[in-house]
Amino acid sequence: MKRHESLSTSQIKESNGFDEVSGVAPASESIPLNDTEMCCPGTSRPSWDDYFISIANQVASRSTCTRRHIGALVVRDKRILATGYNNVPSGLEHCTSKGCLRDELGIPSGERHELCRGIHAEQNAVVQAAKYGIAIDGASMYTTTQPCILCAKIMINAGIKEIVFAGKYPDDLSRAMLEEAGISLRQIALSSTHSTGAVAAKANSACTP
């Protein structure tokens, strides 16, 4: 019998660090959930905030909006529940080929949100969770840009308890309503070191149309 065939089950567990049935690491060996704790000293392992905001930045690269690329994640207990990026509804022609309705009408960014063929990233994330029956009450929203008033009202009613964003957006009413609802707002930098997308400049500018 070859050497690798004679290993006992306990030896297999010890050698690979995973349960041979479930394929996951034992709970006692899971990565700590503390943002500041590093399991690999001396490395540039990102914090959880950097990790999630960089993924949101990558999600934004799927957008076909001709003005802004925005990405969003719904996260709870360090797990991603849903993602979204600003785009037209499913099955419709993309703005990159059809053209921007807002440009045609001469609507400035940040005004008349209803006159747009697209759906905002945060809205799409909430819609995706609802479509697939995923509860997001008490979750956090990571988004590449501070939410507009439309997204803010949706997130309040969806039960989002925290919003972590990278780029600022001048919407005083949005911020006021989120604060009144008791939702935490935190701005963090979109680290170029851990950014996984090539849309940081767009994501950090202004809100989706």
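The model is predicted, so local features need pLDDT of at least 70 and side-chain atom pairs count only at pLDDT 80 or more, while totals for chains, interfaces and linings use all residues. Residues are numbered from 1 along each chain as its sequence is written, and side-chain values use heavy atoms, with hydrogens and water left out.

Q: Why is Ser174 called buried?
A: Buried means under 20% relative accessible area, exposed over 50%, and partly exposed in between (1.4 Å probe, protein chains only). Ser174 has a relative accessible area of 0%, and is therefore buried.

Q: What does Ser174 touch, not counting residues up to four places away in sequence?
A: Contact means heavy atoms within 4.5 Å. On that basis Ser174 touches Pro147, Cys148, Ile149 and Ala152. The C-alpha atoms of Ser174 and Cys148 are 5.8 Å apart, although 26 residues separate the two in sequence.

Q: What makes a set of residues a nonpolar core?
A: The members must be buried Ala, Val, Leu, Ile, Met, Phe, Trp, Tyr and Cys residues, joined through side-chain atoms within 4.5 Å. The largest nonpolar core has 23 such residues, and Leu178 is among those that touch the most other members. A second, separate core has twelve residues, including Phe52 and Ile188.

Q: Which residues does Leu178 contact, leaving aside its neighbours within four places in sequence?
A: Leu178 is in contact with Ala152, Ile156, Ile163, Ile183 and Leu185.
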